[in-house]
Amino acid sequence: MTQHNPVSRETFDQVMVPNYAPAKVVPVKGEGSRVWDQEGREFIDFAGGIAVNCLGHCHPALVKALTEQGQKLWHLSNVMTNEPALRLGQKLVDATFADKVYFANSGAEANEAALKLARRYALDHYGEQKDQIIAFKQGFHGRTFFTVTVGGQAAYSDGFGPKPGAVDHIAYNDVAALEALISDNTCAVMMEPIQGEGGIIKADPAFLNKVRELCDKHNALLIFDEVQTGMGRTGELYAYMGTDVTPDILTTAKALGGGFPIAAMLTTDAIAKSLKIGTHGSTYGGNPLACAVGEAVMDVVNDRQVLDGVKHKHQLFVDGLNAINAKYPIFETVRGEGLLLGAVLNSDYQGKARDVMVAAVEQGLMCLVAGASVVRFTPSLVIPDSDIVEGLARFEKAVASVAQG
Ligand SMILES: Cc1ncc(COP(=O)(O)O)c(C=O)c1O
């Protein structure tokens, strides 16, 4: 047996680069939507590892897929392909608009691939002047240098020297700004169908239709970043399926692996041709362990009953949060779709989302923030209704403690 030295939250401050500020507790075990820390304290999980654990913790189908593949074949690299990658690729193609799949390991990497593909496609078909990428303020696409530059938050992109060029930002849902900016030199428009990190803000249907229309008019590719909205989160397999719009490129990560790192970029045959042999790649992309888990996630989530369950659970959350707000009015509104929910603090509680999150941990509940003034919930898509009820009761106590100062 390997001997483990005891570690604690203090160890984090001693040995980790200080770019995160994790909670005081250290979880050691999870099952479904419950988690236990080193002291044996139990938590209800409304955070889901930031929209990742779509089937909760240690779902039997995922444990089975991982352990079975773990006894067979772990890694090859892309010098050879492998069965789990081929099967998951086929399932993604069968279930979506896409004809082709590129596997990566994180949302940022899938987006990096999407952006590079869009640039290369524009170069191949129209010439080097067609390089403009239009993206949106408050957008979030990951932390590589290209993706933070395309994400519309200076706090994440500034202070690292010169950024990749030809990236412009406009306000989300602003049709006039898009009409004014887009031209034949636009290579791609990149957007989240619901801005997640930016505060759970939905794209207006009319805006989405206009984006598609203008991209078509100017031969610009429409990239949907579905890293957070994908894999059932909104009650559809992908959020675009609940709209009138189909993107040219879609990125998916987070819930795709249910907790195992995997991401994918999906696109059409015509566009995929621009990633020729050697133009892009990854050692781990399409790793058999990751793809075996991804396949098991797809098998469970891509099911009408599970997806309809997400819509039902959405309503439980909205009703429960509104009832809490009737007692302790700290929220202006509850918004979002499916199990991507944001409770927006009202003017008296601006900037206090983190306080609510910390108070929730005290009450045995894990939730998230999306910016300074939105409390975010991204639980398991199959969280039992009874866990929602109990979690909301704990959340009510947290809200009460914040409201009573
Ligand atoms: C919409 C969106 N895109 C991309 C990312 C980046 O994903 P990752 O952290 O896996 O690189 C995130 C992460 O929060 C996200 O929400």
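The radius of gyration used here is taken over C-alpha atoms, and the globule rule sets it at 2.2 Å times the number of residues to the power 0.38. For the 405 residues of this chain, that rule puts a compact globule near 22 Å, and the chain has 21 Å, which agrees. The model on screen is predicted.

**Whole chain**

Along its principal axes the trace spans about 60 × 55 × 45 Å. Switch to a cartoon to see the 14 helices and 17 strands of the chain. Of the 405 residues, 49% are buried. Among contacts with a separation of 6 or more, 72% join residues 24 or more positions apart.

**The two domains**

Next, colour by domain. Select 9-58 together with 304-403 for domain 1, and 73-301 for domain 2. The C-alpha centres of domain 1 and domain 2 are 27 Å apart. Where they meet, 24 residues of domain 1 are in contact with 23 residues of domain 2.

Stay on the domain 1 side of this contact. Helix H2 (48-51), helix H12 (304-327) and strands E13 (331-337), E14 (340-345) and E17 (374-377) each supply at least two residues there. Select H12 in particular: the largest share of that side, five residues, comes from this helix. By class, the side of domain 1 that touches domain 2 has 13 nonpolar, seven polar and four charged residues.

**The shell around the ligand**

Now centre the view on the ligand. Which residues are closest to the ligand? They are Ser106, Gly107, Ala108, Gly142 and Val227, out of 15 residues that surround the ligand. The shell divides into five nonpolar, seven polar and three charged residues.

**Lys254**

Select Lys254. UniProt, in an unreviewed entry, places the feature "modified residue: N6-(pyridoxal phosphate)lysine" at this position. Lys254 is found in the loop between strand E11 and strand E12 (263-267). Is Lys254 buried or exposed? It is buried, because 28 other C-beta atoms lie within 10 Å and 20 or more are enough for that class. Not counting residues up to four places away in sequence, Lys254 touches Ala51, Val52, Gly107, Val227 and Gln228. Gly107 and Val227 are also among the closest residues to the ligand.

Phe140 is buried, with 25 other C-beta atoms within 10 Å. Leaving out residues up to four places away in sequence, Phe140 touches Gly151, Gln153, Gly196, Glu197 and Gly198.

Then move to Glu226, in the loop between strand E10 (221-225) and strand E11 (249-252). Glu226 is buried, with 30 other C-beta atoms within 10 Å. With residues up to four places away in sequence left out, Glu226 touches Pro193, Tyr238, Ala239, Leu250, Thr251 and Thr252. Of these contacts, Leu250, Thr251 and Thr252 fall within the range of E11 (249-252).

Arg143 counts as partly exposed, because it has 14 C-beta neighbours inside 10 Å and the class runs between 12 and 20. Residues up to four places away in sequence aside, Arg143 touches Ala108, Val148 and Tyr156.

End at Ser282, in the loop between helix H10 (269-272) and helix H11 (288-301). Ser282 counts as partly exposed, with 18 C-beta neighbours inside 10 Å. Its contacts, not counting residues up to four places away in sequence, are Ala104, Asn105 and Glu109.

How values were computed: Residues are numbered from 1 along each chain as its sequence is written. This is a predicted model: local features need pLDDT of at least 70, side-chain atom pairs count only at pLDDT 80 or more; totals for chains, interfaces and linings use all residues. Helices (H or I, at least four residues) and strands (E, at least two) are DSSP runs, numbered from the N terminus. Two residues are in contact if their C-beta atoms, placed from the backbone, lie within 7 Å. A residue is near a molecule or strand if its C-beta atom, placed from the backbone, lies within 6 Å of it. Ala, Val, Leu, Ile, Met, Phe, Trp, Tyr, Cys and Pro count as nonpolar, Asp, Glu, Lys and Arg as charged, and the others, Gly among them, as polar. UniProt positions are given in the numbering used here, feature names are shortened, and annotations may be inferred rather than shown by experiment. Domain bounds come from an automatic or database domain assignment.
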